[in-house]
Amino acid sequence: MPAIAIIGAQWGDEGKGKATDLLGSSVDYVVKFNGGNNAGHTVVIGDEKYALHLLPSGILTPGCTPVIGNGVVIDLDVLFHEIDGLEARGIDTSRLVVSASAHVIPDYNRTIDKVTERFLGSRRIGTTGRGIGPTYADKMNRIGIRVQDLFDESILRQKVEGALELKSQILTKVYNRKAPGVDEIVDGLLVHADRLRPYVADTVLLLNQALDRGETVLLEAGQATLLDVDHGTYPFVTSSSATAGGACTGSGIPPMRMDQVIGIVKAYTTRVGEGPFPTELFDDAGEHLRKVGHEYGTTTGRPRRCGWYDSVVARYAARVNGVTDFVLTKLDVLTGLEQVPVCVAYDVNGVRHDEMPVNQTDFHHAKPIFEYLPGWWEDISGARTFADLPENAQNYVKAVEKLSGARISAVGVGPARDETCVVHPLV
Ligand code: IMP
């Protein structure tokens, strides 16, 4: 089997875990290739609920090897906190593999993330405050600290000294904060070195060899297409590459080895943090989606902004990622509505746009043009095949598929792992 990527097609929190579950035991490796503990996915297994931020969801699947790829930024305190939490609940985490080239999030970057947001005031991004942006910036500036540096104390010290030369100036002179000492940072990282060592490997070699043997590698994106640093609603984006291209660079798996890209798209839209969101609802309908869909952030607990399905966004995501299959999640949340609006295009200052406006200012001014589809009242949580869905729900799925640029292969009909209606088997 080749490598398969799972990508969020909106602004995150689409329910990527659903697709991972559908692939189930056929997956040998699950790779997180971007982001860090800014992500958050909830996996429900039976009566147990697991909220993961940094660990790939494959950690919960026996027989599957979870991998943290080179494109990830790792907060080591969070990594071990999550490992301890799972171990305490009887989950074996010993199969985890961590790339030696992944970057770590030093404490000063968490501080810089938070103070920068405060400094920006009304121009803030609404980050998760986890130090993600400053750590990716360090990577690009070539002053980052990588996992492998923890195993060579003198190199680690040199790198921390180099980074702090710049960071101390920023913290003290720009933000009027106390700068940490080199020892404090080095010690804070080294404290994890012995425990980290057994997990660390050359993950590029490991994954490519697995593909050579015909094993299946699942590349699981954090965040989503519209939060991608290149293809998202910049600057209101995260700092990593959350699209299918990022799956290659963040894992070291070449593009030609990947022939399935599964886009996850919610039957409506949500967003956390700041930034444009054309179909956003500010009325009771938005509150209804938030309540019924339990739309509160897994990582920060923030209420998510809610709006109707935006097929312009879905088409864009299909194109940027080369989506081969969509998984439409949380259709059950739309049950009980008289009519279900779907955004088919935008009106920007009187001009119709069927595709994403090229200009960010236009996207900020985009007003949704809706089509209204008849709703359904039947409980759909028991549907396991397309034919099990009530006629109006079927019509909604068909209409959304036609508008979104790729086939819909599965539909989420409830929060539990098995509450999924399969239209076309994914593997
Ligand atoms: P950062 O990733 O913490 O730098 O935050 C940048 C933007 O991405 C903010 O708007 C966050 O709310 C958003 N963001 C980061 N991670 C997630 C996620 O997992 N789901 C949804 N939004 C996210």
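Tutor: Helices (H or I, at least four residues) and strands (E, at least two) are DSSP runs, numbered from the N terminus. This is a predicted model: local features need pLDDT of at least 70, side-chain atom pairs count only at pLDDT 80 or more, and totals for chains, interfaces and linings use all residues. Residues are numbered from 1 along each chain as its sequence is written, and side-chain values use heavy atoms, with hydrogens and water left out.

Student: Lys 330 is in a loop; between which elements is its place?
Tutor: Lys 330 is a residue other than glycine, yet its phi is positive, near 60 degrees. Its loop runs between S15 and S16.

Student: Is Lys 330 buried, exposed or partly exposed?
Tutor: Buried means under 20% relative accessible area, exposed means over 50%, and partly exposed is in between (1.4 Å probe, protein chains only). Lys 330 has a relative accessible area of 23%, so it is partly exposed.

Student: Is Asn 176 buried or exposed?
Tutor: Asn 176 also has a positive phi, about 60 degrees, although it is not a glycine. Its place is in the loop between H5 and helix H6 (182-190). Its relative accessibility is 69%, so Asn 176 counts as exposed.

Student: Which residues touch the most other members of the largest nonpolar core?
Tutor: A nonpolar core is a set of buried Ala, Val, Leu, Ile, Met, Phe, Trp, Tyr and Cys residues joined through side-chain atoms within 4.5 Å. In soluble globular proteins, nonpolar side chains tend to be buried together. Here the largest core has 37 residues, and the ones touching the most other members are Phe 326, Leu 328, Leu 331, Leu 334, Leu 389 and Tyr 396.

Student: Which element gives the most to this core?
Tutor: Two or more residues come from each of helix H11 (311-321), strand S15 (325-329), strand S16 (339-348), helix H13 (391-404) and strand S19 (407-412). With five residues, the top contributor is H13.

Student: What is Leu 331 in contact with, leaving aside neighbours within four places in sequence?
Tutor: Contact means heavy atoms within 4.5 Å. On that basis, leaving aside those neighbours, Leu 331 is in contact with Ala 267, Trp 376, Ile 380, Leu 389, Ala 393, Tyr 396, Val 397, Val 411 and Gly 412.

Student: How many residues are in the second, separate core?
Tutor: Leu 55, Ile 112, Leu 164 and Ala 193 are among its members. The size of this second core is 36 residues.

Student: At roughly what angle do the axes of H3 and H5 cross?
Tutor: Axes are lines fitted to C-alpha atoms, for helices over the stretch in contact, and angles run from 0 to 180 degrees between N-to-C directions. Helix H3 (residues 107-120) and helix H5 (residues 153-174) have axes that come within 11 Å. The contact uses Tyr 108, Asn 109, Thr 111, Ile 112 and Phe 119 of H3, and Ala 163, Leu 164, Lys 167, Leu 171 and Val 174 of H5. The axes cross at roughly 35 degrees.

Student: Which backbone oxygen does the side chain of Lys 16 reach?
Tutor: Lys 16 is found in helix H1 (residues 16-23). Its relative accessible area is 13%, so it is buried. Its side chain reaches, at 2.9 Å, the backbone oxygen of Gln 223.

Student: How many disulfides does the structure hold?
Tutor: A disulfide is a pair of cysteine sulfur atoms within 2.5 Å. For Cys 343, which is in none, the nearest cysteine sulfur is that of Cys 306, 16 Å away. The number of disulfides in the structure is zero.

Student: Why does Cys 343 count as buried?
Tutor: Cys 421 is buried, with a relative accessible area of 0%. Cys 343 counts as buried because its relative accessibility is 0%.

Student: What separates the C-alpha atoms of Leu 289 and Ile 185?
Tutor: Leu 289 is found in helix H10 (residues 284-292). It is buried, with a relative accessible area of 0%. Leu 289 and Ile 185 are 104 residues apart along the chain, and their C-alpha atoms are separated by 43 Å.

Student: How far apart in space are Pro 390 and Trp 377, C-alpha to C-alpha?
Tutor: Pro 390 has its place in the loop between strand S18 (367-374) and H13. It is buried, at 13% relative accessible area. In sequence the two are 13 residues apart; in space, C-alpha to C-alpha, the distance is 8.7 Å.

Technical notes: Polar contact = N/O pair within 3.5 Å; in protein donor to acceptor, adjacent residues only side chain to side chain.
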